[in-house]
Structure formats: structure tokens, C-alpha cells
Amino acid sequence: PKQQTLAVIKPDAMEDHKEEILGEICSRGFTITQLKELVLSRDLAEDFYSQHRDKPFYNQLVDFMCRGPCMLLVLTKENAVEEWRSMMGPTDPAQAQETAPGSLRARFATDILHNALHGSTSQHHAQEKIQFLFGDITSDLNSDGV
Ligand code: CMP
């Protein structure tokens, strides 16, 4: 059965690597079922990462995520959650270069904070974040539905 996951191209990777990352996503057989590019508001970034609120890097993480455009993607494929995580590689690019040298983070991330990409850790989290970011798509429309 097909699965959905949420992928985010973070501001550091948007600057130079957006096209290449999108190309690899498509060539690995993911379907991009929703996509939007935007600068996250501080409130949205804080809510998105609210599970990390008590971590020492939380403020830096929120600053980083708001510093320029992000691309938010819903990716659909069999086993999408696991496949996207494996394509990204480990959170820390130093570790990615050791254990998964071909992975996107090994190639494009700078350090554990500026790590180029995000992906949901489970199907449950994916559905929750997709709903949070794309959920009420009609709220973007005006009263005439345009
Ligand atoms: P992500 O997979 O989006 O999930 C949480 C993010 O917090 C992570 O990628 C990194 O951007 C950041 N992060 C995780 N661990 C650390 C850390 N030890 N120091 C700084 N940033 C971190």
C-alpha cells in the first residue's frame, strides 16, 4: 500500500541544491502529491518543532528554519516514510558521511543543525504534520473559492 511522508527542504539547501534534490526525489519513484514553498513564520516553525521545545538547540533551530524559504513536500510511495529517511541519511552529516556517503545529508548538509532536510519519523507523525501544514487547504482560498 502507498504511504505518505512529509519532506522539508530547509533554507540552507534551498539556496543551491533545490533542483538536484527534487530531481532525485522524482527519479527514486516518489510522487509529489502536495508542494509549497514559503518562508515559515516564527509561530509556525515553533509549532512545527514543538516536541523539541526543551532542547538546548531549539531557538537556533527556529531561527534557522525562518531565515529563508523552505519547500514543504508530501511524498507518496510504498514505504515512503522509511525510504525518504534512508535517502536523507542520518541527522548529523558527519555521521552520514561515515555511514551513508551517497545520502542527501552527506552531500548537502553542513552540520547537525543546518542539515538540509527534514523527514517524518513515523506514519503517525507524517499524518499529523501533513494535516498541520496542508490540512485545511481551502482556508487558503477566498470566499469565491479562488
Ligand atoms: P530534523 O530531522 O528536522 O529534526 C530536528 C532538527 O533539530 C534536526 O533535523 C536538526 O536540524 C536539529 N538538531 C537535532 N539535533 C541537534 C543538535 N544536537 N544540535 C543542533 N541541532 C540539532
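Which residue in E4 does Ile-9 stand opposite?

1. **The answer and the basis.** Ile-9 stands opposite Leu-117 in E4. This is a predicted model: local features need pLDDT of at least 70, side-chain atom pairs count only at pLDDT 80 or more, and totals for chains, interfaces and linings use all residues. Residues are numbered from 1 along each chain as its sequence is written.

2. **The sheet.** Strand order is E2-E3-E1-E4 in an open sheet of 4 strands, with antiparallel pairing. Strands E2 (31–38) and E4 (117–119) are at the edges; each has a single partner strand, so one side of each lacks a neighbour in the sheet. On average, neighbouring strands are turned by 20 degrees against each other, direction ignored. Strands (E, at least two residues) and helices (H or I, at least four) are DSSP runs, numbered from the N terminus. Two strands pair if DSSP finds at least two bridges between them.

3. **E2 with E3.** E3 covers residues 70–78 and pairs antiparallel with E2 over 7 bridges. Lys-36 has Leu-72 in E3 as its bridge partner.

4. **E1 with E3.** These strands run antiparallel and are joined by 8 bridges. Thr-5 stands opposite Leu-75 in E3.

5. **E1 with E4.** Here 3 bridges join the strands, again antiparallel.

6. **The helix.** H5 (residues 80–88) lies across E1 (2–9), E3 and E4. Helix H5 runs at about 35 degrees to E1. Axes are lines fitted to C-alpha atoms, for helices over the stretch in contact (C-beta atoms, placed from the backbone, within 7 Å). Angles run from 0 to 180 degrees between N-to-C directions.

Notes
Contact = placed C-beta atoms within 7 Å.
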